[in-house]
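Please read the following explanation with the sequence and the model side by side. The paragraphs start where two chains meet and then turn to the parts of each chain.

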Amino acid sequence: MSEANNVEMILGAEIFVKALAAEEVEYVFGYPGGVVLHIYDAIFKQDKIQHILVRHEQGAVHAADGYARATGKPGVALVTSGPGATNAITGIATAYMDSIPLVVITGQVHTALIGNDAFQEVDAVGISRPCVKHNFLVKDVNDLATTMKKAFYIATTGRPGPVVVDIPKDVTINKAPFEYPDTIEMRSYKPMVAGDLGQIRQAAEMMLSAKRPILYTGGGVVLGNAAKELTELTRLLGYPITQTLMGLGAYPATDPQFIGMLGMHGTYEANMAMHECDVLVAIGARFDDRITGDLEKFCPYAKIIHLDIDPASISKNVKVDVPIVGPVDIVLQDLIKAIKETGQQPDSDALAAWWGQIDTWRATDCLRYDRNSELIKPQFVLEKLYELTEGNAIVTSDVGQHQMFTAQFYKFDRPRRWICSGGLGTMGFGLPAAMGVQFAFPNDTVVCVSGDASIQMCIQELSTCKQFDLPIKIITLNNRYLGMVRQWQELFYDKRYSHTYVDALPDFVKLADSYGHIGMRIDKPSEVERALKEALAMKDRLVLMDFAIDQGENVYPMVAAGKGQNEMLLSPERELA
Amino acid sequence: MRHTISILLENEAGALSRVAGLFSARGYNIESLTVAPTEDSSISRMTLVTRGSDEIIEQITKQLNKLIEVIKLIDLTEGGHIERELILVKINVASVNQREEIKRLVDIFRGRIIDVSDANYTVEMTGTGEKLDAFIKAIEPPLIVEVVRSGVSGIARGNISLRV
């Protein structure tokens, strides 16, 4: 920006790198190729931005995503045209579903070749359109700086999301002056800056009149940096709070007012309290089908208040009574003020009775598992991990049973410490995401909880971890099955285990070793604690711990797809009263 | 229910495909869609006719508003509004009788014959979709050579306007 008045003409590639520097980008996760050679040359000639060479473009985008989720800053990935762009798509769609701010730059063939089926040509803007917040094709080097500014602005404001910038090779070679705008104004894009005060006052009154209230909060609170406001509101009212998979950590899990995660594998008390509540306050959550179960049976007695930055999230799946659109931190501040201004207190008798009811549900001890088993129970591994890290690790996961066990058993007391692919459910996310997290927080313990199937979907990134000395701790809960699919086959397909047994697993210890890391195999419950301690103590090495767990263990409790929240399966042995 | 939505959007490459892609990705119907630049060439105006329950129409308007290039939109169906459509019809008029009859019909419907050849009349007509349907129905099907319909353009009545 300091050179804004300089008429010096520089290469598009240099403009690109200067734009990243102006956005204070620390890391670019990427993979070079033909059309981005000029950009890579410009990266070579500077030292402000560090480029991290991954082993697959999907890994680049997940790493940028992990960085963004852990820091709150936009993640940046750089890939080449054609297969580079298509490999990045899974990562982009993952970020889109969880509203993660990313700027992904795809190289494109020379503008004169676009549409000619040129070598490594793909319509990156067309392919990514349904899974980005916005995307751009830059056809003129004079538009490059402004487009980069717009990309970062759009990715990080309003409801965040990934933005793709497709840059043809000639645009990186052509010259223009570098003028980077300080701010950007778009007549067609104006994110909300506050909520409607009338609606907020109405919400405050409705909340105070509740007999059986509950707060249901989601990833929006984490993304909107409103954990402090949420905690203040929850404590002010004394109401029970439940959080979605994406919302965990925004309110401390160890606090008694937290009644656990809700949804398909949420706690009995959380789902029952949702079902029985009379006022539901949804904050930064989107009534996803994994939360609501059968919509016909969802919260039958509740008046619903919904706070969200995205008007399209409101009344999409569930009709709400009081909608409030705005940034969650500002709206919560105004809501707290409005509640205080009424001079009223919550109905303490009703609240005491409500907590009494919740405590009887809690007494079900729905997360109970067999502690005397001779086989390693996955829940036990996660309990021990939580104990030994004292809840201070940043934990990423892949997708499946291990993800649900982690959400249930690792108690997150702070936001941005729990990083997983919730919306898209992308297997292979955990390891590259952990790389992004470890770059952002080099001194923190970063743990990737995975399974024997998920870990193999981006296993090549072990090589990146070696190159950049990332001391990630990987836990594979190895049951030799695609566990979550196997669970559904057991429960709903009469135990026909169609293609879920993994017959030829690698020796993960040797695999880790061949990448230059440390591998451990743990077969017995008595070895779990010692192995975790040993691995966690190795501060400067990546350790892959391969836990041979009980192959038949399932995730409970469970609301089967299409069932109501109050129709939970506790376990095959346990019937609900 | 049928809704007519008017949209102002940035006149940029790809904006149209974003709207079309939104409808296909979310399973909404497009009955017709017309688009052209306005008096300000940086802005396009689109008239989109769709069908859906109130909930679906609410989602459609919200999702359209979310598109970065959409500046403003209005659901014309919510108030008094005017819709017009243009058709061009090429009609086979081999005999004198047919020529007479088509000429009369075009006059009744207040259309215009804009091209004449030895075998065909080309008729231009504007009106509501219903009127144009009625005109086409009034012609014996074998005589119709081609029909070109523009899709609906719409504008609100009175003081309500959609502008930047």
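Where chain B meets chain A, 18 residues of chain B are in contact with 18 residues of chain A, contact being taken as heavy atoms within 4.5 Å. This is a predicted model, in which local features need pLDDT of at least 70 and side-chain atom pairs count only at pLDDT 80 or more, while totals for chains, interfaces and linings use all residues. Residues are numbered from 1 along each chain as its sequence is written, chains are lettered from A and ligands numbered from 1 in the order in which they are written, and side-chain values use heavy atoms, with hydrogens and water left out.

The area buried between the two chains is about 1,500 Å², and carbon and sulfur atoms give 47% of it; buried area here is the accessible area (1.4 Å probe) that two parts lose on being put together, summed over both. On the side of chain B, the residues that lose the most area to chain A are B:Arg18, B:Lys62 and B:Ile68, which together account for 43% of what that side buries.

Side chains of opposite charge can pair when their charged atoms come close. Between chain B and chain A the count is three salt bridges, a salt bridge being a side-chain nitrogen of Lys or Arg within 4 Å of a carboxyl oxygen of Asp or Glu. In one salt bridge, the side chain of B:Glu58 meets that of A:Lys319, at 3.7 Å from N to O. Nine residue pairs, with both residues at pLDDT 80 or more, are in polar contact between chain B and chain A; the term stands for a pair of N or O atoms within 3.5 Å, where within protein one must be able to donate a hydrogen and the other to accept it, and residues adjacent in sequence count only if both atoms are side-chain atoms.

Which elements of chain B each supply at least two residues of the side that touches chain A? They are helix H1 (15–25), helix H2 (54–66) and strand S4 (70–75) of chain B, where helices (H or I, at least four residues) and strands (E, at least two) are DSSP runs numbered from the N terminus. H2(B) gives the most to this side, with five residues. The residues of the side of chain B that touches chain A divide into five nonpolar, five polar and eight charged, with Ala, Val, Leu, Ile, Met, Phe, Trp, Tyr, Cys and Pro counted as nonpolar, Asp, Glu, Lys and Arg as charged, and the others, Gly among them, as polar.

Chain B as a whole has four helices and nine strands, which follow the pattern β-α-β-β-α-β-β-α-β-β-α-β-β when read along the sequence. An open sheet of four strands in chain B has the order S2-S3-S1-S4, with antiparallel pairing; two strands pair if DSSP finds at least two bridges between them. Its edge strands are strand S2 (32–37) and S4 of chain B, each of which pairs on one side only. Within this sheet, strand S1 (residues 2–10) and strand S3 (residues 43–51) of chain B pair in the antiparallel sense over nine bridges, and B:Ser6 has B:Thr47 as its bridge partner in S3(B). H1(B) packs on the sheet, touching S1, S2 and S3 of chain B, and its direction makes about 15° with that of S3(B); such axes are lines fitted to C-alpha atoms, for helices over the stretch in contact, and angles run from 0 to 180 degrees between N-to-C directions. H2(B) also packs on the sheet, where it touches S1, S3 and S4 of chain B and makes about 160° with the direction of S4(B).

In chain A, an open sheet of six strands has the order S11-S10-S9-S12-S13-S14, with parallel pairing, and its edge strands, each pairing on one side only, are strand S11 (258–261) and strand S14 (322–325) of chain A. Strand S10 (residues 241–243) of chain A is joined to S11(A) by two bridges, and A:Ile241 has A:Phe258 as its bridge partner in S11(A). Helix H10 (residues 227–237) of chain A packs on the sheet, touching S9, S10 and S12 of chain A, with its direction at about 150° to that of S10(A).
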